[in-house]
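Here is a short briefing on one protein chain. Look at the model first, then read the points below.

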Amino acid sequence: MIMTTTPNIEGKKIERYCGIVVGEAVMGANVFRDIFAAIRDVVGGRSGAYEDELTNARQIGFRELEAEARSMGANAVVGIDIDYEVVGKGGSMLMVSISGTAVSCSDI
């Protein structure tokens, strides 16, 4: 399945618009990771624990997006937008929301 942030796919004709699809993942932040991330923020450097959680959440979101598009008979998703939010009491959760338009294209 082709997934792109652009509104079309170069060299392909969109034959049918299937609908809007969304993939979401909400991940809880571990207290120990928070402590080590805070220390790393003070000392400097990147927070590997948070980067890993972001990557995992994004991968889950894309898998859900693709599964929903396939269930609609689509073979591509165009116009993808990725949003990151902190949610929950005291910002204890990370949410990744990915949305786009499921389409059926020729020659894919």
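S106 touches K12, K13 and E15, leaving out residues up to four places away in sequence; touching, or contact, means heavy atoms within 4.5 Å. This is a predicted model, in which local features need pLDDT of at least 70, side-chain atom pairs count only at pLDDT 80 or more, and totals for chains, interfaces and linings use all residues. Residues are numbered from 1 along each chain as its sequence is written, and side-chain values use heavy atoms, with hydrogens and water left out.

**S106**
- S106 sits in the segment after β4.
- Is S106 buried or exposed? S106 counts as buried because its relative accessibility is 16%.
- Buried means under 20% relative accessible area, exposed means over 50%, and partly exposed is in between (1.4 Å probe, protein chains only).

**Elements of the chain**
- The chain has 2 helices and 4 strands.
- Helices (H or I, at least four residues) and strands (E, at least two) are DSSP runs, numbered from the N terminus.
- From the N terminus on, their order is β-β-α-α-β-β.

**The sheet**
- The 4 strands of an open sheet come in the order β1-β3-β4-β2, and the pairing is mixed.
- The edge strands are β1 (2-3) and β2, and each pairs on one side only.
- Two strands pair if DSSP finds at least two bridges between them.
- Strands of a sheet pair through backbone hydrogen bonds, either parallel or antiparallel.
- β1 and β3 run parallel and are joined by 2 bridges.
- M3 has V77 of β3 as its bridge partner.

**The cores**
- A nonpolar core is a set of buried Ala, Val, Leu, Ile, Met, Phe, Trp, Tyr and Cys residues joined through side-chain atoms within 4.5 Å.
- The largest nonpolar core has 13 residues, and V21, L65, A69, V77 and A102 touch the most other members.
- Two or more residues of this core come from each of β2 (14-28), α2 (48-71), β3 (76-87) and β4 (93-105).
- β2 gives the most to this core, with 4 residues.
- Another core, of 6 residues, lies apart from this one and includes I14, A76, V78 and V103.
- Leaving aside neighbours within four places in sequence, the contacts of A102 include V21, A69, M72 and V77.

**The whole chain**
- Of the 108 residues, 29% count as buried.
- Among contacts with a separation of 6 or more, 77% are between residues 24 or more positions apart.
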